[in-house]
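Visitor: I'd like to learn how to read a few features off a model. Could you walk me through it?

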Amino acid sequence: MRKTSFLLLLLYACVINIYSQKAGNELLGAFKYDDFKTPEYCGASCHADFYQQWKQAMMSQAFTHHWDEIEYFELAVPHAEKDPVVAEVKAGCNGCHSPLAFASGDIPPKKPEFKTRANEGVSCDVCHSISGFKGDVPFNFNYILNPGNIKYGTRGTGESPEHQIQKNDFLSTAEFCGTCHNEKSPYGVWVKSTQLEWKEGPYSKQGVTCQTCHMPPAEGYTAAMGNKYADARQHLFHGAHDPGKVQGTVELRIHPDLNEAEPGETVRFTVALFNAKTGHKFPSGSVEDRIVWMHVEAVDAAGKVYHLKVDKKGFPGEEYTIASDDLAYQDMSIAKNDPNFKGVRRDGDVPVGDRIFRMAYFDPQGRMTIQQWNTKSLGTDYRIGPRETKLETLTFNLPNDVAPGKMKVTATLYYQRLVPSVARYLNVPEEEYETIKVNEHTTYVTVLQ
């Protein structure tokens with residue numbers, strides 16, 4: 001009986017300890033910048049190689065990255081100061097983009113040009129001070145942060161002259177990543193759900209986690225004075241901003257229903273798009289920003305180019321998945337103080353009639369938005385899931401004047417991190433919306449005389 005009571009008291013104490021620790025909004029102003037070591041300190045003392053990897057990754061640029069800076073200071077902050085419904089984003093964006101600024105109560109942080117510690121983004125000491133998360137689902141920076149001399153790791157082995165080492169299996173889980181890569185808008189809408197997509201997909205059932213792909217293991221040292229391991233996790237964090245990661249994500253194959261056709265005949269092409277690479281949907285993360293589309297062109301024997309438009313399938317909301325000249329993103333006018341703003345082209349530079357693989361975000365007025373914090377509803381999710389194959393068809397009526405001979409037909413999948421029309425309106429540097437070719441495939445049809 002005494003033993004049972006003791007165990008119950010111990011369990012109760014553990015539960016109280018967990019829930020007495022701060023997470024999410026409770027972290028605002030709970031610490032000081034000086035409670036955290038700088039990345040440079042970690043790199044200079046023991047972890048030079050990991051520091052160099054981190055320095056080139058988006059984790060180090062989460063606050064200083066051009067588009068994030070523009071989105072926060074030119075759209076989110078002014079909008080939050082005018083609309084009480086979204087007021088929380090003025091501080092909340094920093095819970096994931098600059099956790100040190102958030103935890104230090106430095107809201108809003110000064111712009112990157114002032115070179116404050118907000119510029120450290122998601123630093124070494126942030127991730128290695130996280131012990132778990134509060135609640136049932138990881139989202140909106142509900143991680144538990146415990147800065148101090150204890151640094152959490154996935155091994156818990158070795159000794160350091162700088163700090164204590166404690167094993168924490170949480171750092172190996174997808175939930176760890178989900179605390180920032182899942183997000184609900186102030187309206188309660190899931191505007192980021194990368195970890196949830198993974199959980200619903202095939203890889204979670206096979207033990208393939210976020211870290212498997214974004215922190216791949218390799219032989220090496222985790223610290224300068226430590227042991228060599230066969231599976232030292234690389235701190236690369238390569239993802240949506242890395243062309244090498246994006247290229248080849250989806251495989252394409254196009255084929256015709258006829259190998260030979262005469263002018264005036266109809267040829268129907270089928271394109272199979274297979275997501276062979278991602279453990280979540282493609283695109284994922286900031287889905288409101290990113291645009292993925294399929295473009296198909298035919299070139300006849302005389303070199304004349306024909307643009308083939310995708311066949312409609314007829315599902316609800318399909319109009320947002322076929323490129324048009326429609327305008328959108330009018331709610332940027334709130335931050336820009338421009339009530340006469342008509343919007344910009346919804347689909348950027350995508351040719352009219354191309355298929356777009358997206359999920360549209362809508363503001364409280366039902367207009368398509370690129371501002372995740374102002375998202376009240378979502379459109380049809382027409383992204384490509386992990387190991388999913390989507391089939392698209394294109395019906396081409398061969399013109400009467402088409403040149404006889406071999407016709408080359410190519411399907412290409414493209415990706416941009418940001419819709420160019422939005423980028424140009426906000427003066428975002430061109431490298432932030434470069435077009436990346438994901439994949440392509442070519443087939444042929446012989447045009448008879």
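Visitor: Is Cys-213 buried, partly exposed or exposed?

Guide: Before that, some ground rules. This is a predicted model, where local features need pLDDT of at least 70 and side-chain atom pairs count only at pLDDT 80 or more, while totals for chains, interfaces and linings use all residues. Residues are numbered from 1 along each chain as its sequence is written, and side-chain values use heavy atoms, with hydrogens and water left out. Now the general idea: buried means under 20% relative accessible area, exposed over 50%, and partly exposed in between (1.4 Å probe, protein chains only). Cys-213 comes out at 29%, so it counts as partly exposed.

Visitor: Which cysteine sulfur is closest to that of Cys-213, and how far away is it?

Guide: Cys-210 has the closest one, but at 8.7 Å it is too far for a bond.

Visitor: How many disulfides are there, then?

Guide: A disulfide here is a pair of cysteine sulfur atoms within 2.5 Å. A search of the whole structure turns up one: Cys-96 with Cys-180, S to S 2.1 Å. The two ends sit in distant parts of the chain, 84 residues apart, with Cys-96 in helix α6 (residues 94-97) and Cys-180 in helix α9 (residues 174-181). Helices (H or I, at least four residues) and strands (E, at least two) are DSSP runs, numbered from the N terminus.

Visitor: What is the handedness of that disulfide?

Guide: Look at the torsion about the S-S bond: for Cys-96 and Cys-180 it is about -100°, so the disulfide is left-handed. As for accessibility, Cys-96 is buried at 18%, whereas Cys-180 is partly exposed at 22%.

Visitor: What does Ile-334 touch?

Guide: Contact means heavy atoms within 4.5 Å. Leaving out residues up to four places away in sequence, Ile-334 touches His-79 and Lys-82. Ile-334 and Lys-82 are 252 residues apart in sequence, yet their C-alpha atoms are 8.0 Å apart. Ile-334 itself lies in helix α13 (residues 332-336).

Visitor: And sheets: what is the strand order in the open sheet of three strands?

Guide: Two strands pair if DSSP finds at least two bridges between them. The order is β9-β11-β19, with antiparallel pairing. The edge strands are β9 (250-256) and β19 (389-397); each has a single partner strand, so one side of each is left without a neighbour in the sheet.

Visitor: How many bridges join β11 to β19?

Guide: Nine, with β11 spanning residues 266-275. One to look up is Phe-274, whose bridge partner in β19 is Thr-389.
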